[in-house]
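Student: Could you take me through the sheet in this structure, step by step, and then show me what lies around it?

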Amino acid sequence: MSKPALYMFAISHYCEKGRWTLDYTGIEHDIKYVAPGPHFRLVKKFKLPGSSVPYVVTDHEVVHGTGDIIDWADKHTSNGKTLTPAGEQGDQSREIEKRIDDVIGVHVRRAFYSEMLIEDPGRVKKMLTHNVSLAQKLIVNAIFPKLRKIMIKRMDIGSAQGLESIQILEKEIAWLDELLADGRPFLVGDTFSRADLSAAALLGRTIQPPQHPFYDHLYTPPKLKAVTSEWRSRPSLQWISKLYEQYR
Ligand SMILES: N[C@@H](CCC(=O)N[C@@H](CS)C(=O)NCC(=O)O)C(=O)O
């Protein structure tokens with residue numbers, strides 16, 4: 001039986017969530033780096049329900065999306081660690097995870113690309129092709145102007161949108177600060193769960209934790225950096241730094 005393969009974009013924070021899940025549950029895996037653009041070809045090959053990464057491919061199944069990857073990892077854990085608490089706390093952790101995925105994940109990405117795809121597209125191209133095969137690099141080089149337009153349209157990128165995403169993230173940080181205000185170590189119950197891992201992987205990208213496996217290549221563009229430097233001292237971001245120290 002071959003090892004499960006994790007298909008991912010090197011720089012994606014959702015992919016960091018998927019990878020951290022496999023690492024945390026001790027599931028040995030190979031990483032297959034794909035680049036945006038060439039990744040569309042794999043949708044048909046693996047009969048994916050959508051084009052997004054990450055997904056896990058095993059000899060028997062394809063597990064698409066970070067929520068399903070966590071469910072799958074809970075069942076296949078090799079070190080006994082799981083990410084979904086039993087009973088009601090499991091539902092609570094999924095609810096919080098969903099808000100983090102749907103709001104924080106989306107707006108962190110839009111805040112980054114709204115500055116970088118407009119002001120520094122060359123750097124985006126370089127980051128998107130990090131670690132991929134030469135063939136994929138050549139494809140991305142050839143299609144980048146078109147790919148950039150598609151990304152701008154699909155993610156609704158622009159200067160005003162970037163500022164809007166920052167405002168939305170401020171509210172989400174306030175929400176997390178409030179949840180953590182009583183000094184609790186975890187968002188739900190008394191163990192590290194999918195809610196905590198999601199918050200750390202998706203919002204943590206803004207503070208570039210040194211334990212992040214892609215740390216050497218994480219980059220925050222200057223205007224956004226001025227904002228995220230302020231966020232560092234917020235209780236939720238400090239808590240995320242500690243989660244990276246202890247669990248990554
Ligand atoms: N809810 C999904 C979101 C994943 C996602 O948005 N992935 C982005 C990369 S950050 C992607 O693959 N975009 C390209 C596409 O959708 O074709 C998950 O949790 O897996």
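Tutor: Happy to! Let's begin with a term: two strands pair if DSSP finds at least two bridges between them. Strands (E, at least two residues) and helices (H or I, at least four) are DSSP runs, numbered from the N terminus. Residues are numbered from 1 along each chain as its sequence is written. Please keep in mind that this is a predicted model, in which local features need pLDDT of at least 70 and side-chain atom pairs count only at pLDDT 80 or more, while totals for chains, interfaces and linings use all residues.

Now find Tyr7, which stands opposite Tyr55 in E3. Strand E1 (residues 5-8) and strand E3 (residues 55-57) pair in the antiparallel sense, over three bridges. In general, strands of a sheet pair through backbone hydrogen bonds, either parallel or antiparallel.

Step back to the whole sheet: four strands make it up, it is open, and their order is E2-E1-E3-E4, with mixed pairing. At the edges lie strand E2 (30-33) and strand E4 (62-64), each pairing on one side only. From one strand to the next, the twist averages 20 degrees. For such angles, axes are lines fitted to C-alpha atoms (for helices, over the stretch in contact), and angles run from 0 to 180 degrees between N-to-C directions.

What packs on the sheet? H3 does, touching E3 and E4, and its direction makes about 130 degrees with that of E4. Touching here means contact: C-beta atoms, placed from the backbone, lie within 7 Å.

H3 has a partner too. The axes of helix H1 (residues 13-24) and helix H3 (residues 66-76) come within 10 Å and cross at roughly 0 degrees. H1 and H3 are therefore roughly parallel to each other; angles under 35 degrees count as roughly parallel, over 145 as roughly antiparallel, 65 to 115 as roughly perpendicular and the rest as oblique. On the H1 side, Tyr14, Lys17, Gly18, Thr21 and Leu22 meet Thr66, Ile69, Ile70 and Ala73 of H3. The residues of this contact divide into five nonpolar, three polar and one charged. Here Ala, Val, Leu, Ile, Met, Phe, Trp, Tyr, Cys and Pro count as nonpolar, Asp, Glu, Lys and Arg as charged, and the others, Gly among them, as polar.

Starting at the N terminus, the elements run β-α-β-α-β-β-α-α-α-α-α-α-α-α.

Methods. Contact = placed C-beta atoms within 7 Å.
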